[in-house]
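Morning, everyone. I have one protein to show you today. Please take a look at the screen.

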Amino acid sequence: MKSQAEIILKGFNPDPSIIFDGEFFWCTTSTFEYFPGLPLYKSKDGLHWSFETYILSTPEQLNLINAENSKGGIYAATLRFHNGTYYAITTNKNIGWNFLVSSSSPYGPWSKPKLIRKNGIDPSLFFDDDGSCFYTSNGLVDGVRGILGAKINPENGELLEKERILTEGISKVATEAPHIYKKDGWYYLFFAEGGTGMGHHECVMRAHSLYGEWEYMGKPLLSNVNRKDYILHATGHIDIVEGKENKWIGVFLGIRIPNKPILHQLGRESFKVDIEWNNGWPEIKGGMEVDLSPVSSSSLIVDFSKDIERYPFEKLRVPNSSLYIQNREKRIITLVSSDLLLTERGTPTMLLLRQMDFSSLFKAYISLDDLEGRGGIVAWFTNDYYYRIIVEKNGDGTIVSSSLRVHGFEGVKETKRIDKNKGKMELSILTSPSSYSFFADGINLGSASYAGLCPEGAMYMTFTGTMLGIWSEEGSCSFIDEISLEGQEQ
């Protein structure tokens, strides 16, 4: 029987971690240079999820000043629930610290960060039967690299003993993302190896003590390394949880590659599998190689008469909230400019949503009455890689252009003059598995290959995915009524 994975969090949603609080499943994912940090999703059944809030929502919790693209910001987090308290532990690479926050409610308020240490990434917590808490991450101890562990006080982040290496891993290549679970007297240590690319896979060890000795299961728990024929690749970084009726599920990251070239534009996404236990070991139902179940299209409509905080918008680094002005009665949001989009480590004024489907239509309505400077919509990857529509007034008309920025060079693809400078203008980006096409009031402004928004072609390592959104530069602009993102998956 072949394993089947269900996609649960589409688009840029990597490194998932999951808990079950007795009523709902909760899941979070990495956000890197984006603010707010750590989106929190809720599910009743582990399959159908809704965005609820962000865990890291204040500058005090999330320092992204001058954060590098992907190299800075929030890396993989772990969620845990114990004795009525919700915990999130993660790494802010921008400041170098692993830290944890906690709350009595998933909706917050979440605590101030409790700093732990400056060694390693992918921290996790395990609560033992006696109430003690054990910390793990990858990192270096006495010159040895691997998965490290130590007891911790989760109330203040203090390590209660010296860290020790639990395992150097199997391949010893990018051994990371550890999680510990306990079942039937065994401790199980999960970790990913091979890097978060095509060699990515998941390993499991077990021991009767947290300090070992750990024995290997003998084969990966999860690996699509040898399945070049599948659309789903780079599978690993799994977190598992027991829900109702003793049923276990796992969530993991992967990438969907839609075409022959090994390119992906959506980023690393989150998927679900069922977990079974046989002969004292966990197994994915159907086996370690996971094919993807059919994917339905997604739809999101942002209504400006409602608080935009209810939607999963992202901004960059340290946004100034006063530059985002919403008039819910008039269904208008005004963006006041800050940095240019091309600014290295900048904070341009943008509101971004994750692109969720290969084929989709992103649409917004810009007010020409309120346009000062320039604004428009964008398919955004980093400040060196984005495609956008630029709208500028020009006498009694309006100039609209499609512009592409790749490898730090930006050029205008097509420019049109439209004979109106009042009212609203419909802007849209039509995405396909291999292209992005641009329209203003139905006028075609050309198209571009998806290759310019893919990590495989970037001039530095990236861990994010394509976002679609609205922006403003050198002035201010307003958007009217709503933003829509309609999937057209086939």
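A word on sources. This is a predicted model: local features need pLDDT of at least 70, side-chain atom pairs count only at pLDDT 80 or more, and totals for chains, interfaces and linings use all residues. Residues are numbered from 1 along each chain as its sequence is written, and side-chain values use heavy atoms, with hydrogens and water left out.

First, the overall picture. How many helices and strands does the protein have? The count is 0 helices and 39 strands. Helices (H or I, at least four residues) and strands (E, at least two) are DSSP runs, numbered from the N terminus. The radius of gyration is 23 Å, close to the 23 Å that the globule rule gives for 490 residues, so the protein is as compact as a globular protein of that length. That radius is taken over C-alpha atoms, and the rule is 2.2 Å times the number of residues to the power 0.38. Along the principal axes, the C-alpha atoms fill a box of roughly 75 × 45 × 45 Å.

Now burial. Of the 490 residues, 60% are buried. Buried means under 20% relative accessible area, exposed means over 50%, and partly exposed is in between (1.4 Å probe, protein chains only). Residues 24 or more positions apart account for 58% of them.

Next, strand 6, residues 49–56. Why do we call strand 6 largely enclosed by the rest of the structure? Because 6 of its 8 residues are buried. Strand 6 pairs with strand 5, residues 37–43, in the antiparallel sense over 6 bridges. Two strands pair if DSSP finds at least two bridges between them.

On to strand 30, residues 349–354. Here 6 of 6 residues are buried. In a regular strand the side chains alternate between the two faces of the sheet. In strand 30, Thr349, Leu351 and Leu353 point one way, while Met350, Leu352 and Arg354 point the other way. Leu351 stands opposite Ile470 in strand 39.

Now two residues of strand 33. This strand covers residues 385–394 and holds Glu392. Arg388 has its place in strand 33 too. Is Arg388 buried or exposed? Arg388 is buried, with a relative accessible area of 3%. Among the residues Arg388 touches are Glu410, Trp471 and Glu473, not counting residues up to four places away in sequence. Val378 is 10 residues away along the chain, and its C-alpha is 4.1 Å from that of Arg388. Glu392 is partly exposed, at 31%. Leaving aside neighbours within four places in sequence, its contacts include Leu371, Arg374 and Ile399.

Last stop, a loop. Where is Gly96? Gly96 lies between strand 8 (85–92) and strand 9 (97–103). It is partly exposed, with a relative accessible area of 25%. Not counting residues up to four places away in sequence, Gly96 touches Arg117 and Lys118. Asn119 is 23 residues away in sequence, yet 7.9 Å away in space, C-alpha to C-alpha.

That is the tour. Thank you.

How values were computed:
Contact means heavy atoms within 4.5 Å.
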